[in-house]
Amino acid sequence: MDFLRPATWQDALAVKAERPDALPVQGGTDVMVEINFDRRRPAALLDLTGVRALADWDPADGRLRVGAGVPYARLITELGRSLPGLAQASRTVGSPQIRNRGTVGGNLGAASPAGDGHPPLLAGDAVVEAESAARGVRMIPVAEFFTGVKRTALAPDELIRAFWAAPASGPQYFSKIGTRNAMVIAVCSFAVALHPRERRVGTGLGSAAPTPRRAPAAEAFIAHELDWDGRGPLSEAAARRFGELVAEAASPIDDVRGTGDYRRRALSVMARRTLTWAWNDHRAGSTGSVGSLGREAS
Amino acid sequence: MRVNLTVNGSHQVVDDVWEGESLLFLLRERMGLPGSKNACEQGECGSCTVYLDGLPVCSCLVAAGQAEGRKVRTVEGLAEGQPGDERLDPVQEAFLEAGAVQCGFCTPGLIVQSHDLIERNPAPTDAEIREALAGNLCRCTGYEKIVDAVRLAAERKAAAS
């Protein structure tokens, strides 16, 4: 095995072009588990932690460009107000030690259907900035980024430079089912984001299909149903129907963490609850909770 | 490969490091620092917690090569003074006094993680203590005494400053 340590982004792209078999590693919280357990023996590890630019985030063109190496702990403390859905999801990742190391860039690269960062990125219309030495930058909407279980749209010579997301223009919530609050892979998870200016609702489902995915029918239904002008209450029937449509968008499997039926049921409940919280926040004129664990079940 | 790093304040050059090995392996097996414990090797248990550039991390999930040029502080580096004449850190003292040690395997990781908590938050609530220690498992399930120890350590540090 080779250990490749580029010091700059340009070097990293050159190395990846030369060694497309090199496995990129950031915090190591996924990659090192696979190596420790002999599940994977890449020809080379491409350590990106020496590329300092990846650990920066900046506002750009009214959006945020968040480097692939920004760890969850910093997403919570530095971006909790701008990206509350992602911050809530980040708080459910592993433990403090894991959040000090794990990154959204690594989460995207690993592309687990259960990755906690994915649902809020989907709900918030995030875009992945990928780059190769040969073809330059390519912007890939997160909804098109996942192509299968642990498979992505990245070409073998491409690396993830950053993700782009607009600061929240409305309330956002993330909810996750697990056996405890810490150290769990999601049984299933759900993110919702209100986009009041566009009168639109974004969704993201986790651990509910071969890839993280949106629930387009649920989004279309509820965008039409909500009283955007009068900020009137959300009817229970509409919230319930939204939950059903979210559950219908899933194609979950039975596995050790839960059955497909349980996941569908849990998704419908999480979708109904998170939408209700978000809409009530919107009615109250707030943009929702900032980086908290979310709300207790109601 | 060769890895240069600073461990507990002293510069180290370690040769013949396998490219896929963890920082934990490097510390325990190549440097003779067995304080950090090897249990789950997947970041679930926190027994291998060390400071890496001032942040607590699971050393089993850090590739040894990623520690190149970085500063590592292990549980062995918390006490002050020379070996044989050490003064334990208040967190270590508190674990002893509170009876927070049963089999002791999880203790080094818990001490490093608690040390970091109190550095950042000198007066943590019980909820904050539990949240901070959520990634450290004690299979003897001695959590009540552990929380007592962290509370005691925070009080001692506050009184001393």
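The largest nonpolar core of this predicted model has 131 residues, and those with the most contacts inside it are A:Leu75, A:Phe163, A:Ala191, A:Val192, A:Val246 and A:Leu267. Helix H11 of chain A (residues 260–283) gives the most to this core, namely eight residues. A nonpolar core is a set of buried Ala, Val, Leu, Ile, Met, Phe, Trp, Tyr and Cys residues joined through C-beta atoms within 7 Å. A residue is buried if 20 or more other C-beta atoms lie within 10 Å of its own, exposed if 12 or fewer, and partly exposed in between, with C-beta atoms placed from the backbone. Helices (H or I, at least four residues) and strands (E, at least two) are DSSP runs, numbered from the N terminus.

As this is a predicted model, local features need pLDDT of at least 70 and side-chain atom pairs count only at pLDDT 80 or more, whereas totals for chains, interfaces and linings use all residues. Residues are numbered from 1 along each chain as its sequence is written, and chains are lettered from A and ligands numbered from 1 in the order in which they are written.

Leaving aside residues up to four places away in sequence, A:Phe163 touches A:Val66, A:Val104, A:Leu108, A:Leu121, A:Ala126, A:Val127, A:Val128 and A:Glu129. Contact requires that the C-beta atoms of two residues, placed from the backbone, lie within 7 Å.

Helix H4 of chain A (residues 84–91) is mostly covered, with eight of its eight residues buried. Its buried residues pack against helix H3 (72–79), helix H5 (96–101), helix H7 (118–123), S11 and S12 of chain A. The loop between strand S11 (172–177) and strand S12 (188–195) of chain A holds A:Asn181. A:Asn181 counts as partly exposed because it has 13 C-beta neighbours inside 10 Å.

Within chain B, the domain contact takes 13 residues from domain 1 and eleven residues from domain 2.

Between the chains, 25 residues of chain A are in contact with 24 residues of chain B. H5(A) gives the most to the side of chain A that touches chain B, with five residues. That side divides into twelve nonpolar, nine polar and four charged residues; Ala, Val, Leu, Ile, Met, Phe, Trp, Tyr, Cys and Pro count as nonpolar, Asp, Glu, Lys and Arg as charged, and the others, Gly among them, as polar.
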